[in-house]
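Please look at how the parts of this chain are put together, and follow the boundary between them.

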2 protein chains.
Amino acid sequence: MANKEPEIITNKDQMRKWSRAMRSKGKTIGLVPTMGYLHEGHLSLIKEAHKHTNLVVVSIYVNPGQFSPTEDLSTYPSDLLGDISKLMAVPGGVDVVFNPQNLYDYGNDTNGENCGGGNGEREKSGDGVVSCVEERGLGHETWVRVERLEKNMCGKSRPVFFRGVATVVSKLFNIVDPDVAVFGKKDYQQWRIIQRMVRDLDFPIEVIGSEIVRDNDGLAMSSRNVYLSPEEREKALSINKSLLSAKSAAEKGLVDCRVLRDTVIQSTTEAGGRIDYAEIVEQESLEAVNEIRNPVVFCVAAWFGKVRLIDNMEINI
Amino acid sequence: MANKEPEIITNKDQMRKWSRAMRSKGKTIGLVPTMGYLHEGHLSLIKEAHKHTNLVVVSIYVNPGQFSPTEDLSTYPSDLLGDISKLMAVPGGVDVVFNPQNLYDYGNDTNGENCGGGNGEREKSGDGVVSCVEERGLGHETWVRVERLEKNMCGKSRPVFFRGVATVVSKLFNIVDPDVAVFGKKDYQQWRIIQRMVRDLDFPIEVIGSEIVRDNDGLAMSSRNVYLSPEEREKALSINKSLLSAKSAAEKGLVDCRVLRDTVIQSTTEAGGRIDYAEIVEQESLEAVNEIRNPVVFCVAAWFGKVRLIDNMEINI
């Protein structure tokens with residue numbers, strides 16, 4: 001089913017102008033921030049947004065601020081035309097695709113993107129964190145940090161990641177001015193960090209977490225799945241399977257987190273994955289627990305070949 | 001001359017509602033953030049705001065997030081009724097005084113203010129920075145940092161200060177949603193940090209720097225001046241006097257910053273002050289220069305008795 005064609009906006013000021021015009025007509029705006037290369041998971045976020053607001057903006061922007069110089073910024077997959085046709089097929093479509101060129105270009109000599117181009121000397125922040133937009137002179141230097149939530153799990157192996165996410169989402173919030181923003185629970189820690197940031201900085205925005213979408217075989221949808229060989233994909237199913245077993249065991253009374261974690265680590269490792277972390281944490285504070293007494297979420301990150309995947313499962317007992 | 005009485009709003013949601021209502025009527029809003037105990041310097045900011053917007057909101061909030069536990073949060077002067085009568089005397093008055101109780105109270109057990117009360121264990125952030133609102137559990141943990149500009153000058157002796165200022169100003173921007181915000185150039189580094197933050201996070205707000213207001217004797221207006229004894233006040237005049245001499249010397253061709261700085265340090269020290277810093281820096285990057293070749297600002301902080309004062313002078317050659 002072909003739907004309405006979205007308006008493509010690439011300029012910050014025009015995006016803001018559109019939002020102000022819609023707002024003055026009494027419309028509410030939902031924002032779904034993405035890095036493009038859309039899959040069913042993203043489309044489910046858009047369907048969720050439609051439940052809450054009159055209009056839906058999807059941003060497509062691969063944010064250099066959340067990649068470290070050693071990560072896969074330059075090879076991150078993209079397919080704008082494919083994305084737009086997928087968006088047109090979503091019931092209700094989307095009203096705007098916000099697709100800026102460079103959100104860190106402020107019209108100085110330094111243009112705000114250091115990875116891939118190989119130019120520019122990068123400066124480290126106080127604690128040695130460096131992303132693809134650190135610069136000297138008058139370049140970007142403001143970062144939003146959710147200091148405790150950003151530390152564990154994905155924050156350990158990707159020290160620039162959540163700082164970059166919180167910062168670019170702040171920028172998108174200030175440009176698009178949405179009433180509601182929808183994030184996927186697949187990126188559980190990211191969702192909780194944005195929720196906390198919105199509370200702590202008093203953004204007038206409701207943050208909604210939308211359920212994980214899985215392929216028929218159980219693999220959580222991710223733009224990075226495209227890099228898995230068929231064999232690696234088969235191996236990667238071990239994460240979801242072992243998380244399901246852990247959930248079922250917990251519901252039957254096995255609440256010792258060490259045992260549960262060891263089982264998931266062992267299954268994933270035996271399947272050929274390399275575990276980055278497997279943590280059972282409280283759903284809001286993301287603090288690790290030893291025994292499941294309240295609702296928790298079991299979060300896993302693991303490498304299959306050169307692909308790092310994350311998945312998680314809420315256990316509500 | 002008694003003017004219109006401002007509406008006093010203490011609640012975030014009500015503040016936001018007011019702004020939305022005014023905005024829907026096509027009104028523009030100016031914000032003057034203050035910590036109260038208003039003097040002529042603050043009032044000049046309000047006059048400046050009136051030049052740019054239809055409506056003016058003054059926030060009065062002593063922000064615990066910018067004080068370290070050893071600083072003067074609990075003794076910071078306040079006089080709300082006095083402030084309101086001063087605001088009524090400003091030509092055009094002000095439309096709203098936003099006077100929240102606690103901007104870090106999110107309805108958890110921990111209420112977001114640790115200094116003065118003596119309760120609560122504070123957590124340090126990654127680089128050991130601690131303010132009066134660091135907490136465990138579900139307390140405030142999101143901080144906005146302008147990483148280079150916050151480092152030198154006042155940032156050296158007050159490591160939590162600019163992080164707290166940038167964060168509370170972000171909160172105020174999100175609550176009040178102004179078109180224009182006015183800051184005093186007396187707090188030069190603060191003004192530049194907010195300007196940079198607004199650019200880097202894409203706040204749709206114009207930040208205006210308003211000129212320093214001085215008493216007849218030349219002392220820059222500050223809420224902390226009230227703590228100076230008459231003798232200390234006399235000594236404190238040395239800052240402005242020596243800055244004026246430095247400016248005049250620079251304009252006559254003395255552009256060696258070491259000489260200029262030494263002169264100011266010597267004069268202030270001889271007068272009985274204890275220099276915290278005396279820096280000649282570029283006006284936008286705030287990077288120290290050795291020779292004055294472009295517009296700079298000469299920034300000084302010094303203690304007189306128990307009072308720390310700051311002052312500065314732009315030298316536009």
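The paragraphs below go from the domains to the interface between them.

This is a predicted model, in which local features need pLDDT of at least 70 and side-chain atom pairs count only at pLDDT 80 or more, while totals for chains, interfaces and linings use all residues. Residues are numbered from 1 along each chain as its sequence is written, chains are lettered from A and ligands numbered from 1 in the order in which they are written, and side-chain values use heavy atoms, with hydrogens and water left out.

Chain A is divided into domain 1 (7-210) and domain 2 (223-309), with bounds that come from an automatic or database domain assignment. Their C-alpha centres lie 27 Å apart, and 20 residues of domain 1 of chain A are in contact with 15 residues of domain 2 of chain A (heavy atoms within 4.5 Å).

The two domains bury about 1600 Å² between them, 53% of it from carbon and sulfur atoms; buried area is the accessible area (1.4 Å probe) that two parts lose on being put together, summed over both. On the side of domain 1 of chain A, Met153(A), Tyr188(A) and Arg192(A) lose the most area to domain 2 of chain A, together 36% of what that side buries.

The count between the domains is 1 salt bridge, a term for a side-chain nitrogen of Lys or Arg within 4 Å of a carboxyl oxygen of Asp or Glu. Arg224(A) forms a salt bridge with Asp72(A), with the closest N and O atoms 3.2 Å apart.
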